[in-house]
Every structure is written in structure tokens, then in C-alpha cells.
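Keep the model open beside you and try each task before you read on.

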Amino acid sequence: MRSFSPAFCTELIELMKWRRDVRHFKPGAVDAGLLRDCLAAFSLSPSVGLSEPWRLVRVNSPGNRLKMLDNFKSSNRDALAGYSGDKATIYAGLKLSGMQEAPVQLAIFCDEETLKGAGLGAKTMPEMRRYSVVTAIMAFWLRARAEGLGVGWVSILDPVRLQRDLAVPESWRLVAYLCIGWPEKDDADKPELEKIGWEVRSPQAPEMIER
Ligand SMILES: Cc1cc2nc3c(=O)[nH]c(=O)nc-3n(C[C@H](O)[C@H](O)[C@H](O)COP(=O)(O)O)c2cc1C
């Protein structure tokens with residue numbers, strides 16, 4: 001049985017503690033080889049029936065970048081309208097995407113109709129395919145952080161509009177829009193939302209109820 005040293009386990013916990021959702025990036029390209037190495041985390045990830053339903057689009061062209069940013073801005077305006085009082089004030093001051101600066105932007109989809117895996121495990125709960133994509137994103141997130149790269153997950157988007165703008169197949173559903181680049185600061189000991197007073201992280205492992 002392959003085992004891992006206590007020192008490695010400590011480092012792993014540190015990596016999980018210091019993984020952050022990053023929305024402030026400093027200028028600087030991400031080397032293509034490094035990005036590829038980090039993306040290899042996808043192929044190490046679990047997926048229902050080994051279906052590997054993740055589909056990735058690197059959004060590069062200025063025209064598409066602008067469309068994505070417009071999508072975010074209008075979705076964010078709508079979201080702000082749903083808050084009032086103090087929450088609205090805090091929300092208005094949040095930076096909720098790094099889409100203006102992030103050198104690498106990936107739209108990550110789930111192919112809901114993939115034939116890979118022959119449907120194993122997804123008959124009663126087809127949403128398991130999307131969950132599979134999420135597990136792979138998490139592996140990528142940690143791998144990227146280990147290399148010093150920041151990853152920010154943007155979900156304040158209209159997914160139908162985004163799919164149309166990127167002209168992806170009908171069977172693909174948006175799971176994540178990731179902004180990736182070099183973090184502006186290295187002071188990320190806490191989530192930004194915690195620092196700003198929006199929400200707090202639970203300090204311990206979740207309670208379990210018994211049945
Ligand atoms: C599925 C998902 C969607 C998210 N969407 C957004 C988003 O649209 N904008 C944003 O600023 N942060 C987004 N986040 C980041 C969370 O706000 C962040 O993970 C949380 O505040 C905890 O901070 P941490 O990731 O730095 O630990 C998202 C995170 C996840 C997991």
C-alpha cells in the first residue's frame with residue numbers, strides 16, 4: 001500500500017488551508033507548460049463511471065473576453081438588486097471576478113450526453129456527471145495553488161448566454177468559469193468574504209447527525 005509521510009500530510013493540510021479563491025491578479029503570463037501540468041489534475045480525478053465528462057474552453061479572444069465580462073456585469077447588476085441595506089453596500093464593494101486581469105480564463109462544462117462510461121452510476125442521478133466535473137476542478141485548484149497560481153471561480157453569469165456566446169455543443173452545461181493567474185498579494189490567510197464581514201468560515205469539521 002502506497003503510504004504518505006506525516007510531513008507530507010502536514011503540507012497537504014497547509015495547501016488546503018492556503019488554497020484561496022483569488023480575484024486580484026498581478027500582470028504576468030502563465031507558462032503554457034505549467035498550465036498543462038496543472039490541468040493534468042483533471043485526468044487524475046474521479047468521475048462517475050469513469051465518464052470524464054469535463055469539457056474545457058480557453059477563452060482567449062478579446063471579443064469573447066468582452067462578451068464574458070458583459071455577461072458578468074449584467075448578472076452582477078441583477079444580483080446586487082436582490083440585496084438591500086448593509087448587505088447591498090458590502091456587495092457593491094466586493095470584487096467578484098478577476099475577469100479584467102486574469103491571463104488565463106477557462107469555461108468548464110459538463111457533457112451531459114457523453115457516451116464514455118456507458119451511463120454507469122448516472123442513471124438515477126445524472127447530475128453525478130456535473131459533480132464529477134466539480135471534483136476535477138477542486139483537484140486542479142489545489143495543484144495550481146501548489147504552483148503558486150491563483151484560481152477564482154466565477155458563477156455570477158448567465159450560463160445560457162455564455163454557452164451561446166462560446167458556441168459550444170447543446171449537450172454541454174456550464175459548471176465553472178475560472179480566472180487563473182498570479183495572485184497580486186500573498187496575504188491570503190482567510191477568505192476575502194470573511195475579511196470583509198460577509199460570512200464566516202465554520203471552524204471545525206461539520207457535525208454529523210446519527211440515524
Ligand atoms: C461553486 C463556487 C462558485 C463561486 N462563485 C464565486 C463568484 O461568482 N464570485 C466570487 O467572488 N467568488 C465565488 N466563489 C468563491 C467563494 O466565495 C469562496 O470560495 C468562499 O468565499 C471561500 O473562500 P476561499 O475559497 O478563499 O476559501 C465561488 C466558489 C465556489 C466553490
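In which loop is Leu-94 found? Leu-94 is found in the loop between H4 and S3. Helices (H or I, at least four residues) and strands (E, at least two) are DSSP runs, numbered from the N terminus.

Before the next tasks, a word on the model: it is predicted, local features need pLDDT of at least 70, side-chain atom pairs count only at pLDDT 80 or more, and totals for chains, interfaces and linings use all residues. Residues are numbered from 1 along each chain as its sequence is written, and side-chain values use heavy atoms, with hydrogens and water left out.

**Exercise 1. Describe the surroundings of Leu-94, and then turn to Gly-93.**

Step 1. Is Leu-94 buried or exposed? Leu-94 counts as buried because its relative accessibility is 13%; buried means under 20% relative accessible area, exposed over 50%, and partly exposed in between (1.4 Å probe, protein chains only).

Step 2. Look for contacts, meaning heavy atoms within 4.5 Å. Leaving aside neighbours within four places in sequence, Leu-94 is in contact with Leu-193, Ile-196 and Trp-198.

Step 3. Now take Gly-93, which lies in helix H4 (residues 85-93). Gly-93 counts as exposed, because its relative accessibility is 57%.

**Exercise 2. Find out what surrounds the ligand.**

Step 1. List the residues near the ligand, where near means that a heavy atom of the residue lies within 4 Å of it. The shell consists of Arg-19, Arg-20, Asp-21, Arg-23, Leu-96, Trp-153, Val-154, Ser-155, Ile-156, Pro-191, Leu-193 and Arg-201.

Step 2. Sort them by class. Ala, Val, Leu, Ile, Met, Phe, Trp, Tyr, Cys and Pro count as nonpolar, Asp, Glu, Lys and Arg as charged, and the others, Gly among them, as polar. This gives six nonpolar, one polar and five charged residues.

Step 3. Search for polar contacts. A polar contact is a pair of N or O atoms within 3.5 Å; within protein, one must be able to donate a hydrogen and the other to accept it, and residues adjacent in sequence count only if both atoms are side-chain atoms. Arg-20 places a polar side-chain atom 2.6 Å from an oxygen atom of the ligand. For Leu-96, a backbone N or O atom lies 3.0 Å from a nitrogen atom of the ligand. A polar side-chain atom of Arg-201 lies 2.3 Å from a ligand oxygen atom.

Step 4. How much of the ligand does the protein bury? Taken alone the ligand exposes 610 Å², and the protein buries 75% of that (Shrake-Rupley method with a 1.4 Å probe; for residues, only the protein chains shown count as cover).

**Exercise 3. Explore the largest nonpolar core.**

Step 1. Start from the term: a nonpolar core is a set of buried Ala, Val, Leu, Ile, Met, Phe, Trp, Tyr and Cys residues joined through side-chain atoms within 4.5 Å. The largest one has 25 residues, and those with the most contacts inside it include Val-57, Met-99 and Tyr-177.

Step 2. Which element gives the most to this core? Helix H3 (62-81), strand S3 (104-111), helix H6 (159-166) and strand S5 (172-183) each supply at least two residues, and S5 gives the most, with four.

Step 3. Zoom in on Met-99. Not counting residues up to four places away in sequence, Met-99 touches Met-68, Leu-69, Phe-72, Gln-105, Val-154, Leu-157, Tyr-177 and Cys-179.

Step 4. Apart from this core lies another, of 24 residues, among them Leu-35, Leu-39, Leu-178 and Ile-180.

**Exercise 4. Study Ser-75 in helix H3.**

Step 1. Ser-75 counts as buried because its relative accessibility is 15%.

Step 2. Beyond its neighbours within four places in sequence, Ser-75 is in contact with Ile-156, Leu-157 and Asp-158.

Step 3. In one of these pairs, a polar side-chain atom of Ser-75 lies 3.3 Å from the backbone nitrogen of Asp-158.

Conventions
Near = heavy atom within 4 Å.
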